Each structure stands twice: as structure tokens, then as C-alpha cells.
Amino acid sequence: MPSKRPKTRLQDIAENAGRILGYTAGMDFSAFEKSALVRDATERCLLRISEAATKLGPDAETLLPDHPWQQIRSIGNILRHMYEDIDAAIIWTIVSEQLPMLLADIEDTVAKLPDDDFAL
């Protein structure tokens with residue numbers, strides 16, 4: 001069932017994507033790989049992004065069809081259950097190549113959406 005709060009979920013994704021980009025600003029892969037603190041913070045924010053994408057359900061594909069939503073959702077399971085096998089290079093590729101585009105598209109979409117109805 002899709003979220004009754006798609007704008008809020010997209011804002012959650014944008015907030016965590018922004019945090020990651022802030023944490024990694026000015027870094028190259030070598031610096032990212034060496035910083036356990038930044039890698040841990042990045043992985044935690046990716047977990048939140050994954051959870052928000054899961055809560056969005058099919059609304060994600062409808063609102064932003066140009067992004068790999070199934071992979072975005074799946075990264076959470078990988079981070080939770082296969083943490084010992086996480087490849088820093090893959091995380092870096094997500095952060096440096098995919099996240100900026102996702103964030104820009106979400107910001108454009110959120111600006112066009114009505115506020116969520118928080119009534120229960």
C-alpha cells in the first residue's frame with residue numbers, strides 16, 4: 001500500500017540525501033574509503049532513504065520513473081543483513097553518481113506536490 005504522505009516521504013529521502021552529500025563534500029573515493037565515520041553515517045542515511053522509498057510504494061515509480069526504485073529499496077536489506085560484504089566502491093558510486101540526480105529530481109517534484117494530509 002502506498003504511503004498516504006508521498007511528499008513527506010520524498011522530503012525524508014531528500015533530507016538524507018542532502019546529509020550524505022554534506023558528509024562527503026570535497027571527498028574522493030580514497031578519503032571516503034578511509035573514513036569509517038563518514039561511511040557509517042552514509043550507510044545510515046541510505047537505510048533511511050531505503051525505508052522511505054519502501055513506504056512510498058508504487059508512488060515512487062509514478063512520481064519519479066527515471067530512478068531505480070527497486071534497487072533503492074533493496075539497498076536497505078543489503079546494509080542490514082549483508083553488512084560484512086558491503087563494497088565501499090559501490091556505495092561511493094551511489095553517492096557520487098546517482099544521489100545528486102535523485103536529490104535534484106526529488107526537489108523538483110516536491111515543489112510541485114500539494115502538502116500531505118496528516119488526518120488519521
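# Pocket, helices and contacts

Colleague: Which element gives the most to the lining of the largest pocket?
Modeller: On a 1 Å grid over the protein atoms alone, a pocket is an open set of points where a 1.4 Å probe fits, with protein on both sides within 12 Å along at least five of seven lines; lining residues have an atom within 4 Å of a point. Helices (H or I, at least four residues) and strands (E, at least two) are DSSP runs, numbered from the N terminus. With six residues, the element that gives the most to this lining is α6.

Colleague: What kind of model is this?
Modeller: Residues are numbered from 1 along each chain as its sequence is written, and side-chain values use heavy atoms, with hydrogens and water left out. Local features need pLDDT of at least 70, side-chain atom pairs count only at pLDDT 80 or more, and totals for chains, interfaces and linings use all residues; the model is predicted.

Colleague: How many helices does the chain have?
Modeller: From the N terminus on, the elements run α-α-α-α-α-α. There are zero strands, and the helices come to six.

Colleague: What radius of gyration does the chain have?
Modeller: The radius is taken over C-alpha atoms, and the globule rule is 2.2 Å times the number of residues to the power 0.38. With 120 residues, a compact globule would come near 14 Å. The chain agrees, with 14 Å.

Colleague: How much space lies in the largest pocket, and which residues are closest to its centre?
Modeller: A volume is the space filled by probe spheres set on the grid points, which are joined across faces, edges and corners. Here that space is about 340 Å³. Of the 16 lining residues, the closest to the centre are P68, Q71, I72, I94 and Q98.

Colleague: Which elements give two or more residues to the lining of the largest pocket?
Modeller: By class, the lining has 11 nonpolar, four polar and one charged residues. Ala, Val, Leu, Ile, Met, Phe, Trp, Tyr, Cys and Pro count as nonpolar, Asp, Glu, Lys and Arg as charged, and the others, Gly among them, as polar. The elements with two or more residues are α3 (36–56), α5 (69–81) and α6.

Colleague: Why does the aromatic pair count as stacked, tilted or edge-to-face?
Modeller: Rings of Phe, Tyr and Trp (its six-membered ring) pair if their centres lie within 6.5 Å; planes under 30 degrees apart are stacked, over 60 edge-to-face, the rest tilted. This rule gives one aromatic pair. The centres of F32 and W92 are 5.2 Å apart and their planes are at 40°, so the pair is tilted.

Colleague: Which helices does that pair link?
Modeller: F32 and W92 are both buried, meaning under 20% relative accessible area, with exposed over 50% and partly exposed in between (1.4 Å probe, protein chains only). The two residues are 60 residues apart, in distant parts of the chain. The helices are α2 (residues 29–34) for F32 and, for W92, α6 (residues 88–112).

Colleague: Which residues does T42 contact, leaving aside neighbours within four places in sequence?
Modeller: T42 lies in helix α3. T42 is buried because its relative accessible area is 0%. Contact means heavy atoms within 4.5 Å. Those in contact with T42 are I20, Y23, T24, F32, I91 and V95.

Colleague: Is T24 buried or exposed?
Modeller: T24 lies in helix α1 (residues 6–24). Beyond four places in sequence, its contacts include F32, T42 and W92. At 6% relative accessibility, T24 counts as buried.

Colleague: Which residues does A14 contact, beyond four places in sequence?
Modeller: A14 is in helix α1. A14 is buried, at 17% relative accessible area. Its contacts are L103 and I106.
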